[in-house]
Amino acid sequence: MVLHGPEIDIFSIENYPKYKDIVDLAAKLDAYNVIEVKMCQTMMRMRGLKNNNVPGFIELVPYGPDEVEKLRQRRYVVL
């Protein structure tokens, strides 16, 4: 899962109390290798988030759309 839009706000540490259930589920699915969660650093900067403002299980990538294309070429499903 590549987060590269306003949905990244859900995973901001400051919003954890509000979105605890979603973040905890994503962390659990990531831990069990069901999904990988990646976040676009370009969008993070645009939305004022720093690298230490997101949970550690999220992999940071420089630019989300490039990561999506890379995964598409590796035959991952894009929804």
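Modeller: The chain has 3 helices and 3 strands, counting as helices DSSP runs of H or I with at least four residues and as strands runs of E with at least two, numbered from the N terminus. Reading from the N terminus, the elements follow the order β-α-β-α-β-α. This is a predicted model, where local features need pLDDT of at least 70, side-chain atom pairs count only at pLDDT 80 or more, and totals for chains, interfaces and linings use all residues. Residues are numbered from 1 along each chain as its sequence is written, and side-chain values use heavy atoms, leaving out hydrogens and water.

For the setting, the radius of gyration over C-alpha atoms is 12 Å, which agrees with the value near 12 Å for a compact globule of 79 residues (the rule is 2.2 Å times the number of residues to the power 0.38). Those C-alpha atoms fill a box of roughly 35 × 30 × 20 Å along the principal axes. Of the 79 residues, 30% count as buried, that is, under 20% relative accessible area with a 1.4 Å probe, protein chains only.

Now to your pocket. The largest pocket has a volume of about 440 Å³. A pocket here is an open set of points on a 1 Å grid over the protein atoms alone, where a 1.4 Å probe fits, with protein on both sides within 12 Å along at least five of seven lines; its volume is the space filled by probe spheres set on the points, which are joined across faces, edges and corners. The lining has 13 residues, and the closest to the pocket centre are Met1, Val2, Leu71, Tyr76 and Val77; a lining residue has an atom within 4 Å of a point. By class, this lining holds 10 nonpolar, 1 polar and 2 charged residues, with Ala, Val, Leu, Ile, Met, Phe, Trp, Tyr, Cys and Pro as nonpolar, Asp, Glu, Lys and Arg as charged, and the others, Gly among them, as polar.

Key. Buried means under 20% relative accessible area, exposed over 50%, partly exposed in between (1.4 Å probe, protein chains only).
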